[in-house]
Amino acid sequence: MLYSLSVEGMRETTAQESRMRRKEAAEFVREAIGVEVPAEDDAAFCESLRSGEVLCRLLNVQVYRQTAQPAEALPKTYNFDNFFDGCLSVGLERDDLFHLADLDAARGHPVVNTILRLRSLWNAEREPGEVGTSGSSKSSLNMTPLRSEVSGDDCGDVKTPGFQTPGLPESLPLARASAIKNAKGRGVQAAVSVTRLMQQCTNLLNATMGSSPLSISPASAGSVSPERTVETLGPVIESVLSSLTSEYERRLLKKETELKRLRASLEQSKKAAAESLENGERVAEMKRDAEEKAAAETERAKAEAELEDVRKDRQETNARVLAKVKALKGEASEAKKICKSIKMDASLAFTAFQIELSQLQHHIEPMYAVVKDYSTIQAENARLNNEILDLKGNIRVYTRVRPPGATGSTEASIVNVDCTSDFDKDKIWLSEGSNTNFAFEKVFDESSTQEKVWNEISPFVQSALDGYNVCLFAYGQTGSGKTHTMTGNQGAERGVNTRVVEDLFRNIERSSATHDFDVSIQMLEIYNEQLRDLLDDQKKDKKLEIRGSSADAGGSGVDVPGLTVMSVSDIPEVMALMEKGHENRSIGATKMNERSSRSHSVFTINVTSSNRLNGVETHAKVNLIDLAGSERVGRSQATGERLKEAQSINKSLSALGDVIQALASKKKKHVPFRNSKLTHLLAESMSGSSKVLMLSHIAPEKDNASETVSTLRFATRVATCELGQAKKNQTNTSAKDAEIERLRSRVRKQSDENKRLSVEKRPASAVARKSAAAVPTRRPLSAANFKSSSPEKPKWS
Ligand code: ADP
Ligand code: MG
């Protein structure tokens with residue numbers, strides 16, 4: 001500073017000056033737009049201008065020649081940004097403008113300065129000659145009054161209302177557009193403005209100094225005069241303003257360049273944004289692809305991990321398997337060694353076995369020959385057996401003695417038996433009551449078991465399978481043991497009936513390979529010369545009649561119409577039917593025990609056999625008869641029912657004796673079968689090649705002596721029939737025995753011959769073996785080879 005002012009004086013001067021200037025400004029506002037602005041103090045002054053409307057209107061009216069009244073519709077346009085931009089655009093400098101903070105702080109001086117700068121422009125416009133060489137007008141500045149706020153101004157960082165210029169885009173503020181478009185022109189205008197400003201400054205200084213001279217400090221007061229000061233200050237200010245103008249131009253150019261660059265950048269950004277938008281979907285798609293790819297990658301990685309696990313597992317398994325294989329190889333090697341050793345052992349054993357086999361061959365072949373020959377012998381034996389039976393006679397008499405006391409009698413046994421002789425008949429005699437000695441082919445003493453009795457009877461019964469009819473009579477007084485022998489009890493005490501059935505089915509099973517059998521049974525009883533069916537509950541009281549006549553009598557066989565005949569296939573079935581028959585017999589009689597002793601029980605088994613090999617068919621009947629008690633026979637004192645029973649029993653038993661006698665006598669042409677129901681019924685079974693066995697029973701106690709003698713006499717009479725037959729053939733007992741012995745010796749000779757033949761065969765076999773392979777061939781042994789064989793020796797021989 002070229003001048004120094006005292007502080008007090010400066011303050012006073014400043015306050016006065018400020019007041020004056022405020023008044024000037026207020027006056028200017030009032031003149032220009034008719035608005036009264038309080039100028040007493042800065043606060044009121046600033047407050048009245050705070051809305052910006054007054055200043056904007058002032059700018060519009062005073063600078064742009066607008067109407068003094070604001071447009072009703074444009075209140076928003078009046079704000080300080082627009083105002084400041086407008087000031088700059090009409091030639092004010094930044095330094096001429098106040099700050100909004102000045103208004104807030106009620107600093108009136110800068111505001112007054114701005115308003116007065118506007119007035120200077122106004123005055124310069126109204127008096128162009130006074131401001132030097134500018135000569136410019138508002139129209140030449142191409143200014144547009146402040147009207148409205150421009151939105152979307154993106155040309156710079158300062159958001160400023162524009163002074164719109166016709167022909168330019170609305171989005172571009174007027175001030176900026178003018179600056180860009182007329183940069184160079186404006187540089188010139190600026191220079192003019194600066195010159196004008198300088199002029200105004202000079203004027204102002206001169207006016208100030210004229211009206212209110214500055215108090216100059218003593219240091220400078222004498223060195224510089226006021227004329228000198230104006231002369232000196234003018235060029236300086238001009239110089240400063242000139243440099244300011246240059247700077248202003250430079251900055252404008254820089255801004256222009258910057259603006260261009262920003263525009264280009266903006267275009268590029270827009271383009272890039274458009275491209276980005278266009279590529280959006282592609283990018284999204286790529287993103288999806290990428291995600292899918294990533295997912296697939298993850299899956300692949302997972303699969304690879306699993307594969308790796310599997311690989312590891314496989315490797316471990318392989319390792320284990322290899323180890324196991326190794327171990328197994330070791331074991332196999334061991335096993336191989338063992339095998340080798342076993343093989344050697346086996347080879348040795350095989351050699352030994354071959355040797356043994358060849359040795360066995362020496363034994364087996366003769367045995368086979370013997371077996372083969374045995375079949376022949378067996379067939380021959382059967383033939384001889386029948387021949388012997390024929391010679392001995394088809395009617396046999398055995399006697400069985402019951403144990404004493406079995407019926408409750410305390411009497412001692414008076415029966416003596418001698419059956420020690422192998423060749424003679426068994427003998428039986430009484431100690432008391434009779435001096436007669438009786439002899440029978442077989443006598444079973446009191447100790448004889450059921451099995452022993454059966455063993456003697458069985459060959460006789462087995463003839464049925466060869467097609468012979470068989471009749472087995474149990475004869476004797478009541479209580480002598482007939483039912484015990486025929487029916488018996490359970491287990492070892494079972495009687496002949498049961499054993500016959502068992503034996504029959506056993507033989508059927510043995511022959512089942514070659515024979516077919518058909519078996520049926522029937523059961524009846526004969527009481528008072530009447531037949532009763534025991535196998536049918538409904539018929540048990542129905543009277544049955546015998547039809548037809550015996551074959552011997554020229555008839556075609558007897559038949560009992562309506563009698564139940566049950567076909568059976570196994571032992572239990574027969575047992576059940578037998579049980580039923582016994583029950584019916586007992587139920588049918590009120591006094592069973594008595595009646596059973598007064599009736600004949602007939603159990604018949606019909607056997608039909610068919611040989612599948614040769615087609616031969618045989619029919620046979622086995623009659624197992626439990627006769628009525630023989631004690632009634634001969635009693636004449638009985639009366640009524642008992643007499644009738646006695647007569648019936650007497651009749652039938654006598655008839656039986658007569659028939660047997662007649663059968664034994666070949667001379668007798670007529671056999672009186674029809675004399676009783678019993679013989680009539682058994683006519684077919686007893687005629688022809690039938691085999692009859694009478695098993696007489698003895699009660700050994702003393703009180704039964706007379707009945708015992710009677711039984712033994714009857715048995716002897718029947719047995720005599722045999723003698724009769726012998727007589728008829730002119731043979732006697734010794735001659736018969738001699739014949740039997742002859743046959744036995746034939747069998748023995750045959751056997752010896754067989755053995756001899758077997759021994760002779762041996763060398764030939766040995767020769768054959770030598771030429772044969774290592775393992776000798778032989779005919780296999782099987783059950784079939786033994787089929788026709790029977791281990792039992794014939795009992796009758
Ligand atoms: P029958 O039928 O001739 O009238 P039983 O067979 O009913 O005579 O025999 C009479 C009794 O004597 C029965 O109690 C029977 O058990 C018994 N008995 C018969 N024979 C024998 C025997 N050999 N051993 C044991 N007891 C017998
Ligand atoms: Mg009896």
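A salt bridge here is a side-chain nitrogen of Lys or Arg within 4 Å of a carboxyl oxygen of Asp or Glu. By that count, the structure holds 27 salt bridges. The model is a predicted one, so local features need pLDDT of at least 70 and side-chain atom pairs count only at pLDDT 80 or more, while totals for chains, interfaces and linings use all residues. Residues are numbered from 1 along each chain as its sequence is written, chains are lettered from A and ligands numbered from 1 in the order in which they are written, and side-chain values use heavy atoms, with hydrogens and water left out.

Take the salt bridges to begin with. Arg 30 and Glu 36 pair up through their side chains, N to O, at 3.8 Å, and Glu 27 joins these two in a network of salt bridges. Arg 30 is partly exposed at 32% relative accessibility, whereas Glu 36 is exposed at 60% (buried means under 20% relative accessible area, exposed over 50%, partly exposed in between, with a 1.4 Å probe and protein chains only). Another pair is Lys 427 with Asp 424, where the closest N and O atoms are 3.6 Å apart; Lys 427 is partly exposed, with a relative accessible area of 33%. In the bridge between Arg 612 and Asp 516, the closest N and O atoms sit 2.3 Å apart. Arg 612 lies in the loop between strand 10 (599–611) and strand 11 (617–626), and Asp 516 in strand 7 (residues 515–527), so this pair ties together parts that are 96 residues apart in sequence. Helices (H or I, at least four residues) and strands (E, at least two) are DSSP runs, numbered from the N terminus. Both partners are partly exposed, Arg 612 at 43% and Asp 516 at 37%.

Now for the ligand. The shell around ligand 1 has 13 residues, and the closest are Gly 479, Gly 481, Lys 482, Thr 483 and His 484 (a residue is near a molecule or strand if one of its heavy atoms lies within 4 Å of it). Helix 13 (residues 482–486) gives the most to this shell, with three residues. Oxygen atoms of ligand 1 come within 2.8 Å of a side-chain N or O atom of Lys 482, a polar side-chain atom of Thr 483 and a polar backbone atom of His 484. Taken alone, ligand 1 exposes 550 Å², and the protein buries 71% of that (accessible areas come from the Shrake-Rupley method with a 1.4 Å probe; for residues, only the protein chains shown count as cover).

His 697, in strand 12 (residues 691–698), counts as buried at 1% relative accessibility. Its side chain makes a polar contact of 2.7 Å with the side chain of Thr 485, and also reaches the backbone oxygen of Gly 481 at 3.5 Å. A polar contact is a pair of N or O atoms within 3.5 Å; within protein, one must be able to donate a hydrogen and the other to accept it, and residues adjacent in sequence count only if both atoms are side-chain atoms.

Ser 706, by contrast, is exposed at 54% relative accessibility and belongs to helix 20 (residues 705–728).
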